[in-house]
Amino acid sequence: MIDVAVVDYGMGNLRSVEQALRKVAPDDKIIVSDDAKVIADARRVVFPGQGAMPDCMRELETRGLRDAVLETARNKPFLGICIGMQMLFDHSTEGNVAGLGILRGEVVRFAANMRDAQGDKLKVPHMGWNRVRRIERPASHEGDATVAPSPSGRGLGRGSALEHPLWAGIPQDERFYFVHSYYVCPQDAALVQGTSDYPRPFTCAVALDNLFGVQFHPEKSQTAGLKLLQNFVQWNP
Amino acid sequence: MLAKRIIPCLDVTAGRVVKGVSFVELRDAGDPVEIARRYDEQGADELAFLDITASSDDRGIIFRIIEQVASQVFIPLTVGGGVREVGDVRNLLNAGADKVSINTSAVLNPQLVADAAGRYGSQCIVVAIDAKQIGSGRWDVFTHGGRKATGLDVVEWAKKMQCLGAGEILLTSMDRDGQKNGFDLPLTRAVTDALEIPVIASGGAGNLQHLADGVKQGGADAVLAASIFHFGEYTVQQAKRFMATRGIEVRL
């Protein structure tokens, strides 16, 4: 049985994701696959994405992988990375395209002509290492949705029961590697598991039951990224 | 907030890292995989590899190096040198590169940038520009390691590359490269102010103040340096600590 299937729908480079998973789970059977059956039968699924979301959606359809992704996103440990996370939402303003609609919300572009506090131009794509503020509260959607993410995200101590298991062992405000021009705006604030600032806060991690999504690239985020992937391959939601 | 990046650059030929002054007097700096691991441990934000192999027979070497590095180092890897067609981009990505930099071929065939970005996404297409000053506040694009003038204005060319889908510009001053007297700051400022995409300053870093100047005065989003790291003058960590003392946000 395949432990981790990385969904290959022909968009971009999956080599880095595969390598990083092999590093954190040397004994696991990891496969990069474009076969719907293999993906549907795997224990866990990683859903990466690069390029433009309309192309990604089209390729996913063309290769007959939409149903396998929809199904596994609902019942297996599932990790969406970058556009792989964006595609889980209802809609993207990038090419005005519909997503998979598993999560309510929209994917939007960073504003033009953004400036930082010093007045320097903020470039788009947002590229490089940025801090991730974890939101510490129940991973499950049945959690207390009335608790809004606190601005500092520091309401609770590390390792508390309210920390999502994928953040285990990762310091608050750790830096991860990003490269993207669009970001997700979930309708339900309870989905948000992490935010980052550019210059205003945006959602960079979401979770719902068996599903986790990140805007950054854990496979390129050195120690912290590998730790998140290791947490994922050991996660039993 | 987003950190400014420090990117050590490894010029590779015949399986070794070398560094010279303006492409002559090449000096051996060691094994690329070993050096890549060292910089990763020191906290490098990304690594850049430039394949300066002259003979096409030896082109396979860079793929093996990138494969080895990518299985051990989990930070972004940019690889350039001799990229002529979309197939070259694909092969480098498959070997483990995260970004591919295109230089001379972008000038000879700008459509390559559009095709590669369309196929693999702008995030993995870096256009490298070799610039030489030709007058006050004017720089032209050069190719073939700075030997061939193109008559193209650097700022206009950079804007065109952004428009065709480049995700980032690697801007090298050929006047400063290897001189260790600092980046060409007016050049860096002119290009970064004209673009929406990130700009990496390159060519001339000789000390840590130069790196800070590239960010603060040049407005660069990232700084690239080779010799100051290769020969043990500074570690990447020292460079970052220095930049932090100058009020620059870095990943420590």
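First, a cut-off. Buried means under 20% relative accessible area, exposed means over 50%, and partly exposed is in between. Keep in mind that this is a predicted model.

Now, how many salt bridges does a search of the whole structure find? The count is 27, over all chains.

Start in chain A. Asp3(A) and Arg43(A) pair through their side chains, N to O at 2.9 Å. Asp3(A) sits in the segment before strand E1 (4-7), and Arg43(A) in the loop between helix H2 (36-41) and strand E3 (44-47), so this bridge ties together parts that are 40 residues apart in sequence. Buried or exposed? Asp3(A) has 15% relative accessibility, so it counts as buried. Arg43(A) has 44%, so it counts as partly exposed.

Chain A also has a network. Salt bridges link Asp55(A), Arg58(A), Glu59(A) and Arg63(A).

On to chain B. Asp45(B) bridges to Lys240(B), with the closest N and O atoms 2.8 Å apart. Asp45(B) is in the loop between helix H1 (32-42) and strand E4 (47-51), while Lys240(B) is in helix H10 (residues 236-245). That is a link between distant parts of the chain, 195 residues apart. Both Asp45(B) and Lys240(B) are buried.

Last pair. Asp153(B) meets Arg138(B) in a salt bridge, 3.4 Å from N to O. Here the link runs from strand E9 (residues 148-153), which holds Asp153(B), to strand E8 (residues 138-143), which holds Arg138(B). The two residues are 15 apart. Arg138(B) has a relative accessible area of 40%, so it is partly exposed.

How values were computed:
Residues numbered from 1 in each chain as written. Chains lettered and ligands numbered in written order. Predicted model: local features only at pLDDT ≥ 70, side-chain atom pairs only at ≥ 80, totals over all residues. Heavy atoms only, no water. Salt bridge = Lys/Arg side-chain N within 4 Å of Asp/Glu carboxyl O. Helix = DSSP H or I, 4+ residues; strand = E, 2+ residues; numbered from the N terminus. Buried < 20%, exposed > 50% of the residue type's maximum accessible area, 1.4 Å probe, protein only.
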